[in-house]
Amino acid sequence: MDLSLLIIQALNGVQLGLLLFLVASGLTLVFGILDFVNLAHGSLYMLGAFICASLTFLFGNFLWAVLVALPLTGGIGYLVERFVARPLYARNHLDHVLGTFGLILVLDTLAHLIWGPAGIAVPLPHWLDGQIALTETLVIPSFRLLIIAAGLAAAAGLFWLVNYTRLGMLIRAGASNRTMVSALGIDIQTLFALVFALGAMLAGLAGMLIAPITEASIGMGNSIIITAFVVIIVGGIGSMKGAFIAALLIGLIDTMGRSFLDDIFKLAMSPEAAETSAPAVSAMLIYIIMALVLALRPQGLFPPRTR
Amino acid sequence: MSFLTRRGWISAVVMALLAVLPPVFFLTGNAFYLDLATRLSILAIAAVSLNLILGYGGLVSFGHAAFVGLGAYAVGIPAHHWLYGGLDFLATTSGFVQVPLAVAVTALFALITGAVCLRTKGVYFIMITMAFAQMIYYLIVSIEEYGGDDGLVIDTRSELPLIDLDNPLQLFGLAYVSLLVAMLLVRMITRSRFGMVLQGAKGNEERMVTLGFNIYAYRLTAYVISGAMCGYAGALLGNFTTFISPEMMDWSRSGELMFMVILGGAATTLGPVLGAIAFIVVEEILSSFTIYWHLPFGLMLMGVVLFARGGLMGLLRGRREDGE
């Protein structure tokens, strides 16, 4: 296997990992603080992509579309919190799962009604549509670099927000003792709504970033949400650091497995057997990793310290 | 006898109607309703088996569609090899091989994944069962020999003595009797010592552990029984649809099974069946009006979760039976 392919796939893995982190971090925030399981988180990812697609055609500019789509997705997150999540906080996880499962059907069908059954391709501005030559043999699309940069920036911003701002302090306090925070005179309802909206914006951002590559389509959220679950299970539910490391790990393992597993298998078995078994194993790879992690550490790699 | 309670009467009436109405419709020229009832009965078997661990065991499994799918592929794959060659030891159309194979494969899958899943609790358990089901989904998608994404057509139904599965009436009869057996089986299990321990662990895990029960072993056993029953339902479903695809193990299918249990009433004998009936009938009615039927359907699901706790059985319950 040659080196430039390895580097390109590693970058693709990092890109997938960062997108997974954007989705998983919202899940982690909402679960860590609100103790709420939101299956419909993937639908917010999808809505982010569709809204951004429509706005790109409206403004004729992808970046403006992202800037306007972000608060819109946050607003949808707020509405979801207000009308679906809030009545369910006091219920058990089973009710959370079923309620948000219903919400997925509603949101997916609404997207179908508004944007039609086919996917929507999102055009990029020229300066983002090109390629950048890192070395003579190593060429990667500039937009993929932008995804990596945006993902890292969002991760850094989230880290700063949670650890160094007053809002972040309240979020952390709410995660360790909800009752105490509200007894100290903090409006816990508003805090919860803000956290939910923030999670929706992060998921929406991931959808907007992937839309120019894969196009916005119905059901795109339902495939990423399971992988995001794997990420937060491996990382330890409720841990932001765990989600970040696990997201990169899962992104890299998945991408590398799909491209190099047959080569690795050929070292140990006949080329024919490798060709047939590699796709099956690489499809299951991240789930096998998840099972291994759980067998050794049922609480995930980095369980949150508090609680 | 429990047949004197209101629930007992309702169960008897519902099951009698389910036995009589579809064949009557079929014989009067409405074959469609018999098909509907066959599908409904098969899905009800899956819901009844899910109820064993979800309702009585308190274990929220979000991956039961994988068992249904595996059971269906245990019928489809031997039939595929029988017709197109390859893997001679597996190639058969005999139901006496296919159905036990479906049960064995799903029991084994339940044993392996259950051993991992049951080490965790609560929301971890929900997500992990879901992830393992998705793993099987992607596994089947990646195997091109069996059609991958496009699915697999089962050209020949399972061959059984005395019963001809190509005859819709006989297929319905098999599904209906299987459903009755599944309901009785779960009822017997939940009333046995084993079932009492399982329900005790749902109510208060620490107490059961302190009493000296190995909760993990009890739950794993229940998980394997439930998975194997679902596998059997899958074998029937494969024979009914004669077309199987990874889509039947998608996590939304698992969600639908869970919803049937909750809609009808978890931890009751008839609940999952009522849930399956209501689910299939509403789905059928709504989808005949509009292609956007998922919208009102989703709203209905949310409404049931938010406002109708205890499910249909909760609404039908007599006053004196509150303790049941």
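1. A caution on the kind of model comes before the rest. This is a predicted model, in which local features are held to a pLDDT of at least 70 and side-chain atom pairs count only at pLDDT 80 or more, whereas totals for chains, interfaces and linings use all residues.

2. Chain A is built from twelve helices and two strands, and its elements follow one another from the N terminus as α-α-α-α-α-β-β-α-α-α-α-α-α-α. Its radius of gyration is 20 Å, close to the 19 Å that the globule rule gives for 307 residues, so chain A is as compact as a globular protein of that length. Along the principal axes, the C-alpha atoms of chain A fill a box of roughly 65 × 50 × 35 Å. Buried residues amount to 49% of the 307 residues of chain A, and among its contacts with a separation of 6 or more, 77% join residues 24 or more positions apart.

3. Chain B has 13 helices and two strands. Here the radius of gyration is 19 Å, close to the 20 Å that the globule rule gives for 324 residues, so chain B is as compact as a globular protein of that length. The box filled by the C-alpha atoms of chain B, taken along the principal axes, is roughly 55 × 50 × 40 Å. Of the 324 residues in chain B, 49% are buried, and residues 24 or more positions apart supply 77% of the chain B contacts that have a separation of 6 or more.

4. The contact between the chains draws on 36 residues from chain B and 34 residues from chain A. On the side of chain B that touches chain A, the elements that give two or more residues are helix H5 (122-142), helix H10 (251-264) and helix H12 (294-307) of chain B. The largest share of that side, 15 residues, belongs to H5(B). Sorted by class, the side of chain B that touches chain A holds 28 nonpolar, seven polar and one charged residues.

5. The largest nonpolar core has 211 residues, and the members that touch the most other members are A:Val23, A:Ala49, A:Cys52, A:Val230, A:Val231 and B:Ala131. Helix H9 (residues 188-214) of chain A gives the most to this core, with 17 residues. As for A:Ala49, its contacts, not counting residues up to four places away in sequence, are A:Gly207, A:Met208, A:Ile210, A:Ala211, A:Ala216 and A:Met220.

6. How do helix H1 (residues 6-27) and helix H6 (residues 168-191) of chain B cross? Their axes come within 11 Å and cross at roughly 175°; angles over 145 degrees count as roughly antiparallel, and H1(B) and H6(B) are therefore roughly antiparallel to each other.

7. Is A:Ile286 buried or exposed? A:Ile286 is part of helix H12 (residues 271-296) of chain A, and because 24 C-beta neighbours lie inside 10 Å, A:Ile286 counts as buried. Apart from neighbours within four places in sequence, A:Ile286 is in contact with A:Thr227, A:Val230, A:Ile250, A:Ile253 and A:Asp254.

8. Two residues deserve a look at the backbone. A:Glu215, in the loop between H9 and helix H10 (220-235) of chain A, has a positive phi of about 75° although it is not a glycine, and with 15 C-beta neighbours inside 10 Å A:Glu215 counts as partly exposed. B:Thr242, in the loop between helix H9 (215-241) and strand E2 (243-244) of chain B, is not a glycine either, yet has a positive phi of about 55°; B:Thr242 is partly exposed, with 17 other C-beta atoms within 10 Å.

9. The last point concerns B:Gly195, which lies in helix H7 (residues 193-203) of chain B. B:Gly195 is partly exposed, having 19 other C-beta atoms within 10 Å, and a residue counts as buried if 20 or more lie within that distance. Leaving aside neighbours within four places in sequence, B:Gly195 is in contact with B:Tyr56, B:Ile189 and B:Thr190.

Note on methods
Residues are numbered from 1 along each chain as its sequence is written. Chains are lettered from A and ligands numbered from 1 in the order in which they are written. Two residues are in contact if their C-beta atoms, placed from the backbone, lie within 7 Å. Helices (H or I, at least four residues) and strands (E, at least two) are DSSP runs, numbered from the N terminus. Ala, Val, Leu, Ile, Met, Phe, Trp, Tyr, Cys and Pro count as nonpolar, Asp, Glu, Lys and Arg as charged, and the others, Gly among them, as polar. A nonpolar core is a set of buried Ala, Val, Leu, Ile, Met, Phe, Trp, Tyr and Cys residues joined through C-beta atoms within 7 Å. A residue is buried if 20 or more other C-beta atoms lie within 10 Å of its own, exposed if 12 or fewer, and partly exposed in between; C-beta atoms are placed from the backbone. The radius of gyration is taken over C-alpha atoms; the globule rule is 2.2 Å times the number of residues to the power 0.38. Axes are lines fitted to C-alpha atoms, for helices over the stretch in contact, and angles run from 0 to 180 degrees between N-to-C directions. Angles under 35 degrees count as roughly parallel, over 145 as roughly antiparallel, 65 to 115 as roughly perpendicular and the rest as oblique.
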